[in-house]
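Please view the sequence and the model before reading on.

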Amino acid sequence: MAMAATVRREGRRLLPIISSSPNPSRSALISDELGPQGARSISTQIVRNRMKSVKNIQKITKAMKMVAASKLRAIQVRAENSRGLWQPFTALLGDAPSIDVKKNVIVTISSDKGLCGGINSTSVKISKGFYKLNSGPDKETKYVVLGEKAKAQLVRDSKKNIDLCITELQKNPLNYTQVAVLADEILKNVEFDALRIVFNKFQSVVSFIPTLSTILSPEVVERESESGGKLGDLDSYEIEGGETKAEILQNLAEFQFSCVMFNAILENACSEQGARMSAMDSSSRNAGEMLDRLTLTYNRTRQASITTELIEIISGASALTG
Amino acid sequence: MFRNAPRLLSRAIGYSSSISRGRAMSDLPAAPTVDSAFVEAWKKVTPNIEPPKTPLSFMKPRPPTPSSIPSKITVNFVLPYQSELSTKEVDMVIIPATTGQMGVLPGHVATIAELKPGILSVHEGSEVTKYFISSGFAFIHANSFADIVAVEAVPVDHIDPSLVQKGLAEFTQKLSSASTDLEKAEAQIGVDVHSALNYAITG
């Protein structure tokens, strides 16, 4: 009787040692079952279920990473080929992000799908920062949003400032005609003195640089070139064709907008795929680590239950013989 | 004056990109690649976030206007999906401006030309490459750099004459039966492009 009591006490002593590992994954498994001595033990079934679901998640995120990598390869080629498109315009007109105009329109380019890291939040933060930069008496700033993710974020606090919202850009493969039609829509519906395009430029698979491109309306270009400053030598250019300089400048501004938009949309799509690749990669790595920890817990639990059984058998046997 | 400007700017502001500092040390009289006024204004409003980059920082700067006329003109011919020619040195380019075919030689006066559908020919020594371009723009800079931006371009030998004839007939017929202004304009554009294509193959 006394010996049974000592063995029981020893058993109770052993249990806490086995199951006292400070495992964070255990905290979610609290379905305490009362064992034979009133001690707690975690069922192996629960750990096994959790391991199965984590393994599935790991497989899914790995597959998403592969898909993003292949999509990135395809679109990266096109984005790099389109990089020459905006350079002639910047070479001619220069770049003046600090130009002071009354009506600014911020075109924010973002993705439709999620799980792509922080690039959409970065674009929205930059757009909001620019909005604050350009707020002042009798100055107007409006948004044109491309993509669901930026729309969701901007609608929350700047709903009345959004002029146009365009989603499902990537339903059909991106091409210049589609972007030209889009640019036409925007130019028809929105009055602007300066258009600012906010997007993530694709530098490499792990680095995306938020970029702001400025396109000035023809009136502002005229004004700046006459007053000197950055566009001062625009006047020295002869104009060929068309009846008036204003008409040519108008066509130039529209063409510039569609070209810069095309490049911006392609670069943003590249950045989206790259960001998704790295997000899914870190996610599958985390899942792998979680799986390792769960495996350890599982083995510990299994061994603990085996030990408990052995103790019971031995104490039962010794109670009979002793 | 311009040579000192980047040096002064990079001294005046704490935030100076290494590019503009490096520029000040080398001898290029070009504008700094970071617009300092913008960066300053940004820092005042949103100090926590880095200011976004602007296209100027991603572009190679263009050389300044040389004092004597160079022997070759440098051509950049870009399309939305490809850079057909990039910084290629050639003798002459003939571009289809809206006022007619325009020849561009080194030392040409700075021009902005709107292009109509037609043939662009690039002359390099004795070889001539001809492309048929749909419209676009051509910028000729004072430093003998020519930028030609077009929406579509095909080498002339890729054009199928039978399809051109068919298209021409179709659009002429559409033009005669067009009712609204928009339809008329569209049909007219089709006729223009196809007759230019026709001229390109035959001429």
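Which residues lie nearest the centre of the second largest pocket? They are A:Tyr176, A:Ala180, A:Phe255, B:Ser135 and B:Val151, in a lining of 26 residues. The model is predicted, so local features need pLDDT of at least 70 and side-chain atom pairs pLDDT 80 or more, while totals for chains, interfaces and linings use all residues. Residues are numbered from 1 along each chain as its sequence is written, chains are lettered from A in the order in which they are written, and side-chain values use heavy atoms, without hydrogens and water.

**The second largest pocket**
- A pocket is an open set of points on a 1 Å grid where a 1.4 Å probe fits, with protein on both sides within 12 Å along at least five of seven lines; lining residues have an atom within 4 Å of a point.
- The space in this pocket is about 880 Å³, counted as that filled by probe spheres set on the points.
- Helix 6 (176-189) of chain A gives the most to the lining, with 7 residues.

**The interface of chain B and chain A**
- In contact (heavy atoms within 4.5 Å) are 40 residues of chain B and 43 residues of chain A.
- The two chains bury about 3,700 Å² between them, 75% of it on carbon and sulfur atoms; buried area is the accessible area (1.4 Å probe) lost on being put together, summed over both parts.
- B:Phe58, B:Pro80 and B:Ile112 supply 17% of the area that chain B buries against chain A, more than any other three residues.

How values were computed
Helices (H or I, at least four residues) and strands (E, at least two) are DSSP runs, numbered from the N terminus.
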